[in-house]
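Thanks for coming. Please have the structure open.

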Amino acid sequence: MAAVTPSRQIGRSIPRLEARGKVTGRTEYVHHLRLPGMLHGKIFRSTIPHGRIKRIDVSAARALEGVHSVVTIEDIRTVIPHPYYGPAFHDQPILADGKVRFAGEPVAVVLAADRRVAEEAVGLITAEYEELPAVHDEVEAATSPVVVHDELKPAATFPDLQHLKGRRGTNVALDYQLLRGDPDAAFASAAHVFEHTFRTQQVMHTPLEPFVAVADVDGGRLTLHTASQNPSFVRIEISRLLGWPENRVRVKVPFLGGGFGGKLYIKLEALVTALSLLARRPVKISLTMDEQFFMVTRHPCTFRIKSAVSAEGRITARECEIWWNGGAYADIGPRVTQKAGFTAAGPYDIENVSIRSYAVYTNRPPAGALRGFGAPQTAWAYECHTDMIAAALGIDQVEFRRRNLLHNGRPQASGTVLRDAALGLVLDHLAARMNWSRPLDRGSGRIRRGRGLAIGFKGITAPTTSVAVVNLYADGSCALYVGTVDMGQGSDTVMAQIAGEVLNIDAEAIRVIHSDTDVTPYDMGTLGSRSTFHMGTAVRLAAEDAKRKIAELARELGLPPGTNVPLDELFRRKYGMQAGNIIGTGSFIPAYEKPDPATGQSANVTPFWGVAGTGAEVEVDTETGEFKVTRLVNVADVGTALNPKLVQAQLSGGAIMQFGFTTSENMTFRDGQLTTNSLADYKIPTLLDIPRDFINEIVESRQESGPFGGKGAGESTTIALSPAVGNAVADAVGVRLTDLPVDAEAVFRALTAAGIAQAQS
Amino acid sequence: MSTARTIRFTLNGSPVSADVMPHETLVDVLQQRFDLRGARESCGQGLCGCCTVIVDSQAVSGCLYLAWFLDGRTVATIESLETAKGLDPVQEAFIEAGAFQCGFCTSGFILMVKQLLDAIPDPSDEDIRHYLAGNLCRCSAYPEILDAVRIAAKRRADAVHS
Amino acid sequence: MSSFEIVEPRTVEEAFGFLAGDDPAIRPIAGGTALMLMMKAQVFRPVRLVSLRALDNGFTGIAPGHDGAMIRIGAMTTFSELERSAEIRRSFPVVTQAMKRLANVRVRNVATVGGNLAHADPHLDLPPIWIALGAQVLILGPGGERAVPVEEIFAGYYETTLGHDDLIAELRVPVRPAWRSTYVKVTTRSAHDWPALGLAVSMALKGRQATDLRIVLSAATDRPTRLIAAEAALRGGEIDRSSLRRAGDAAAEQANIESDDRGSADYKKHLLRVYLARALDSLAGE
């Protein structure tokens, strides 16, 4: 019998359930998996950003001793006749098909039992291309005669993309729009109009466990072991590609060595599946860190934002035009375009809003989901813009935000009324922690100090479904079957806490069964801050279902309601021995109303709001542009913190990741070739980089519709960090950077342009 | 020309041998011959520390170390830290501080923290940051890692005094 | 990595035997951290690696020369040994200080002083320091031994003047109590990165007058480069605002700096002027 304690499970900072495995190095990752007879695949990649394949010569590779086979798209077609996949568009070929669309695209694969042999054989493959003009910039690509895909092929799963079907001669893969009120009239009568354009750079998740998948086709069944954030989607999409029923495809996911949105949808799974079908042996592909940069990235974006402001400092209208650089394949980019689109006007109460948001194909590595799902890029624009307006009007930045802030009970730009979004509390708390009302020591000589803050919000992908199963064994112990993937966020622990709360069992005593689609029920995916809310609710429902069944069993045994006869005893009385199970199930899909395609208006566009603010203090060397973020304060609304310590870790982790995206991470290209595809050249934060004074706090809040008042926390602190840093630099030295990253040279150039950079000593 | 060689070394306290080819790295051999999962290759350039292994009492990057050169040496991996008596104080401190998320970098961090505390038993924050700057945690559990080092340092000091 | 062989000679003569011929795919290996990176990236495909680890007479140790005028550092000395050496701390504190931000602990435990020189990556931190300190390198070849100034072994980007069968045996660093030295590592992205600019300065001073000095720039150029013109602008004169400006102009004029992901050429030239002035000023003010 599991320990029964009177203490509640919710709100306990228990250590992760899997802690011991992680500190002893024993935790299972796909990275380690070896199967008998397994072959390793190594990928031969395109060296040009755009071109037709004239010839691929694999003869030397094929002849190398130890090579099992060399595979191109022609071979793939023999097992998968229509080898194109993708969550939004069926646009991505399993291997390049006649054409390459970015430098680094997979063109062929060598299979060998020895990874080193496969690697060497890749070096023997040659390809000839007829080079085509390439397009890299998102704004240019939106109207460019250079077209990345001849024809748009939306997947059936997205009703809002169907109007694009068969469209030719364009790189625009989604043209989302929102219209509220009458922006034109408001602009015409405005006291002030401000317009600025902001840009963000391409960055990558760089999980330390690089992408990896193993396919094992045996006896008409496929088992995929994959480091994936959404095993259910993998099963469905692979079944579609193979024309098999879902029950012939099994997807197993142990722990992930980081995901951050990268390991979503199909990544290596279609490729290893095809290879295993061809080779009739298990096939594993593990990317190297360098190769990861060609898999999926975060969208660079250009955002033109224009605001009308009244004489009283109220924003009366806002116009947003956003181009998302999706790279060569759409991945989930159209969803990013739409979901980040509808919040692009920022967390402000604005009567008249127009938003146009475009997903654009270019000849760059594909972009998809990355922690924040577009919200950090839009907040970089709207929160820098907010400070610029406040400065121009001579209004304090906090005061200007307060004057315009969106409050619960008021409609957001989409028409959905804001609920349980503690924007005001977050702003107040942030201002207090930043000591905003007190003056700052602004430095002297070449070192100048400044501070800035920003707030932001995001909607949550909807509608999505989670299903959970609670299994109570004959001795009363409990297992939880969930498809949520624990990639470090601590979902196993939180789900156990939720089930334990309902069933009055210590979370530590609950066993969480990891994703195995033969066993665990459907879940849309571990993404977009949705798990605690969606799966958490499904788990609560499953546990309540189990609890009801325990009561039924007791009633059936003639016991009075509220009996304290333990469960193992109930089973023994029922079955005459230690036997039986109680299975509780829970399924959850939140209410949702599809936005009007012309205006983006919806009464219920998101199940909850992610809300956070960041404040930064910086010290800038005006001689060199070098700067230090000396203090970083993050404040978030996460509803009730179900496990405060895990929430803290999510907040600080998200903030530091975004700190890298703000100051040091940058995928740079020369002639369409990526020059920074290694951790020697693509610099993620280290312990030396993080601000010495770094705090993360939550405000008192409750998500009424969430499990025990909880909601997602994993993305919050990514939203407002970049503009807080940009605003702080502007405050310190009076120059405004509009492009990310904010690095020393960029600051120096701005200082020089403004005539501020100091002359030589 | 390229032939295997039998190397003999001490692995986590036990004498072992393995036939290795010249190109095989320490981390390959640990995973493939000895089924030890704790040291894992990630960046492949010695920058991230996920493949940290202790050779002759010194931390090395297992992805940049040819197994050939292990002959006669003493190797310790993360797997050696848990004994019948339980976890190492550094491991306990990592759990207590919550100093990891996905866990992929954790073995490396723990081994490096042990080395750090051997070299500097009572490190300052700046000592810690410098010593661990060559270990990357993409989940960014850095604040918690700093906490864990402080906890472990205190626990080790207490153990010495008691 | 392709297949290759590893040999472990016990004597230098044996090593020369293994290195004989002119096959660039045969190379000595010491700590191997840099070579391994090149092998993994397939820019170096060895046929044979001649390990120097088993040499009887190991190229090891840090000890004063007979007359105390120099310190001998064996080529197989690891960075960690250098970092912990009391002798080095006493005579060349600039080296000890540079260690803190040089690569990381694991690399420092394995990488060697000699291998570092032979690698000739212009981003390395130690070579400019050795050059500023006026160090010489003792090279053994089948035809005998010779000592050359460190700056003379660098021929370009990853290129040295070393012969195919030359072995670096030791470094000889003159002890010059009257000189002060500093090394500035300028990183422009993460704090833990290759430098955009490395600047080593060694200077003999009388008051604020530079009686002699050596200025070496690395990372921004294809090899560690002595900034002779900047040295000349300062030698014999006071370190003051005008001499610093002249030195900065001369340095920016002489250095052949190219743009890369760590900064544009213009920006790196600007950083050179600023940090050269700061380094000299701080040495003069000590």
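**A hairpin, a core and an interface**

Let me begin with the hairpin of S26(A) and S27(A): five residues lie between the strands, and Gly625(A) there takes a positive phi near 85°. Before going on, note that this is a predicted model.

As one point to find on screen, Val611(A) stands opposite Asp637(A) of S27(A).

S27(A) also pairs with strand S30 of chain A, residues 693-698. Here the strands run parallel, with six bridges. If you look for Leu632(A), its bridge partner in S30(A) is Phe694(A).

Is strand S27 of chain A mostly buried or exposed? The strand covers residues 627-637, and nine of its 11 residues are buried, so the rest of the structure largely encloses it.

In general, nonpolar side chains in soluble globular proteins tend to be buried together. The largest nonpolar core in this model has 401 residues, and the members that touch the most others are Leu480(A) and Ala499(A). Which helix gives the most to this core? That is helix H11 of chain C, residues 265-285, with 11 residues.

Stay with Leu480(A) for a moment. Setting aside neighbours within four places in sequence, its contacts include Ala468(A), Val470(A), Met495(A) and Ala496(A). Ala499(A) is also among them, as are Ile510(A), Val512(A), Ile513(A) and Val539(A).

Now a helix pair in chain A. Helix H11, residues 375-393, packs against helix H12, residues 397-404, at an angle of about 110°, and their axes are 9 Å apart. That angle makes H11(A) roughly perpendicular to H12(A). On the H11(A) side, the contact is made by Thr386(A), Asp387(A), Ile389(A) and Ala390(A); H12(A) brings Gln397(A), Phe400(A) and Arg401(A). By class, that contact has three nonpolar, two polar and two charged residues.

Last, the interface between chains A and B. How many residues of chain B are in contact with chain A? There are 41, and they meet 42 residues of chain A. On the chain B side, at least two residues each come from helix H2 (89-97), helix H3 (106-119), helix H4 (125-131) and helix H5 (142-161). Sorted by class, that side of chain B has 20 nonpolar, 14 polar and seven charged residues.

That is the tour, and I can take questions.

Methods: Residues numbered from 1 in each chain as written. Chains lettered and ligands numbered in written order. Predicted model: local features only at pLDDT ≥ 70, side-chain atom pairs only at ≥ 80, totals over all residues. Contact = placed C-beta atoms within 7 Å. Helix = DSSP H or I, 4+ residues; strand = E, 2+ residues; numbered from the N terminus. Nonpolar A, V, L, I, M, F, W, Y, C, P; charged D, E, K, R; others polar. Axes fitted to C-alpha atoms, helices over the stretch in contact; angles between N-to-C directions. Parallel < 35°, antiparallel > 145°, perpendicular 65-115°, else oblique. Core = buried A, V, L, I, M, F, W, Y, C linked by C-beta atoms within 7 Å. Buried ≥ 20, exposed ≤ 12 C-beta atoms within 10 Å, placed from the backbone. Pairing = 2+ DSSP bridges.
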